[in-house]
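Colleague: I am new to reading protein models. Could you walk me through a few features, one at a time?

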Amino acid sequence: MRRIKTTSFLSFFNFLSSSLSSLATPKTPTPLHEHRKQKMGSPNNKPARIFSPHNHTSPCTRTHQIGALLLIATTFFLTRLFDQAIPTCPPSSLNNDHLSPNVVHVSDGGTLSWPQRGYGSHLSLKIYVYEEDEIDGLKELLRGRDGKISADACLKGQWGTQVKIHGLLLESRFRTRKKEEADLFFVPAYVKCVRMMGGLNDKEINHTYVKVLSQMPYFRRSGGRDHIFVFPSGAGAHLFRSWATYINRSIILTPEADRTDKKDTSAFNTWKDIIIPGNVEDGMTKRGVAMVQPLTLSKRKYLANYLGRAQGKVGRLKLIELAKQYPDKECVPVILSDQAEFPFQNVIDYTQISIKWPSTRIGLELLEYLESIPDENIEQMIAAGRQIRCLWVYAPEFESCSAMQGIMWELQRKVRQFHQSAETFWLHNRTIVDRHLVEFSSWVPPMPLP
């Protein structure tokens, strides 16, 4: 569209220039036979424009020229008005707030632009959230076999993301109560919390998940590709022992993609799953009552805080041993997990806010390097971190920068226009059927799963 419009404007300006030239220097019209001579004598000569095609011998008067210019000007302004009435393609620049709805205002007055490619210019999602009483077994995954575990009890620690994401989606403007119009489906479960509090054991969790999935026609329709699950702990999707059989195509939200507790492989797949921020206690964020106040760099005795468990990994054990040898050394936070994945890597440059050091080189070399970093560089990293820290806060949608806003942008990339699976078929009239040619609207649970 843009190329065609450029060409027509160039033609318009060429025509306008020619007309103005004629208006400025009136000429006696050339007879038709003279045009033919000029054309035959030089192949590069173009025939002169004749504004009076019905009478080739009559002169092109100033009145004709002025009328032509008025007609051109009228056409030009009408075209501009028509163009403004029709929506144009999204702007290529993401730095103008008025032109780019995908610009997020982050802390300290900065902005963060979600990429135009693959995201669109604005959020447009419809997510169906399964109700706990809608499907037999779903309530057990939320409350335990006896229904005694409350959502508030599961808000602490990493488990809290399951509760927060569920609650925010229930209040979201992107929520739909019509399955037939949903882009994605959210399956709520607090299984890590439920398991740790004795509400279900591993065998019961596995059995309950399979029972729940067998009652979801839309899950079978897409093979689970448009269904979302949250597994916020180090165990990941392995809390559901048969995850590889039943939800290996589903969208998994997890904060820990680099490893899985006591498992050789991770359930995370970078092509379909999403890294989410871990849970931060509300009291540690701007939304709650401040529990702590950060110290200025000059007053800090310790610049690093070790988070995590050794878990038998050589690098982490070396770090613990090093800390015992040098308890009074000052340092800055570094990432020591070689396979670590981070939230929102599409828009955040982690080199500006963190240091990643090889776990195979933990020792005095690490301490010497950290001590060599000038304070002004540390201050710059801290300032850069302040700008995007709002993306780690699970806040309501009225806040323009939050973990949920980031997750929504990532989910939008997962939306499919078309849904199918190995057990889904369709006919000439677009009717979706199963292997037995039963129409989708007539699928009756429980349905066989892979």
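Predicted model: local features only at pLDDT ≥ 70, side-chain atom pairs only at ≥ 80, totals over all residues.

Colleague: Let us start with disulfides. What is a disulfide?

Modeller: A disulfide is a covalent bond between the sulfur atoms of two cysteines. In this model the count comes to two disulfides.

Colleague: Which cysteine is joined to C154?

Modeller: C154 is joined to C193, with an S to S distance of 2.0 Å. The angle about the S-S bond is -75°, and this link of C154 and C193 is left-handed. The pair connects distant parts of the chain, 39 residues apart. C154 sits in the loop between α4 and α5, while C193 is in helix α6.

Colleague: Are C154 and C193 buried or exposed?

Modeller: Look at the relative accessible area. Buried means under 20%. C154 has 1%, so C154 is buried. C193 has 0%, so C193 is buried too.

Colleague: Where is the other bond, the one from C390?

Modeller: C390 is bonded to C401, with 2.1 Å from S to S. Here the angle about the S-S bond is 75°, and the link of C390 and C401 is right-handed. Both C390 and C401 lie in the loop between α12 and α13, so the pair ties together parts that are eleven residues apart in sequence. C390 is buried at 3% relative accessible area. C401 counts as buried at 4%.

Colleague: What is the pairing when the bonded cysteines are numbered in sequence order?

Modeller: The pairing is 1-2, 3-4.

Colleague: Now a single residue. Where is Q162, and what does Q162 touch?

Modeller: Start with the element, then the surroundings. Q162 is in helix α5. Q162 is buried, because its relative accessibility is 1%. Leaving aside residues up to four places away in sequence, Q162 touches A189, Y190, V191, K192, V230, F231 and P232.

Colleague: On to salt bridges. How many salt bridges are there?

Modeller: The count comes to 14 salt bridges. Let us read some of them.

Colleague: Which residue meets E181 in a salt bridge?

Modeller: The side chain of K126 meets E181, at 3.7 Å from N to O. This pair links distant parts of the chain, 55 residues apart. E181 is in the loop between β4 and β5, and K126 is in the loop between β2 and β3. E181 is partly exposed at 32% relative accessibility. K126 is partly exposed as well, at 38%.

Colleague: What about E132?

Modeller: E132 meets R143 in a salt bridge, at 3.0 Å from N to O. E132 lies in the loop between β3 and α4, and R143 lies in helix α4, so the pair ties together parts that are eleven residues apart in sequence. R143 counts as buried, at 18% relative accessibility.

Colleague: And which residue is the partner of E204?

Modeller: E204 forms a salt bridge with R145. Their closest N and O atoms are 2.7 Å apart. E204 is in helix α7 and R145 is in the loop between α4 and α5, 59 residues apart. E204 is partly exposed at 27% relative accessibility. R145 is partly exposed at 40%.

Colleague: Which residues are linked in a network of salt bridges?

Modeller: One such network links R195, D202 and R241.

Definitions and conventions: Residues numbered from 1 in each chain as written. Heavy atoms only, no water. Disulfide = S-S within 2.5 Å. Helix = DSSP H or I, 4+ residues; strand = E, 2+ residues; numbered from the N terminus. Buried < 20%, exposed > 50% of the residue type's maximum accessible area, 1.4 Å probe, protein only. Contact = heavy atoms within 4.5 Å. Salt bridge = Lys/Arg side-chain N within 4 Å of Asp/Glu carboxyl O.
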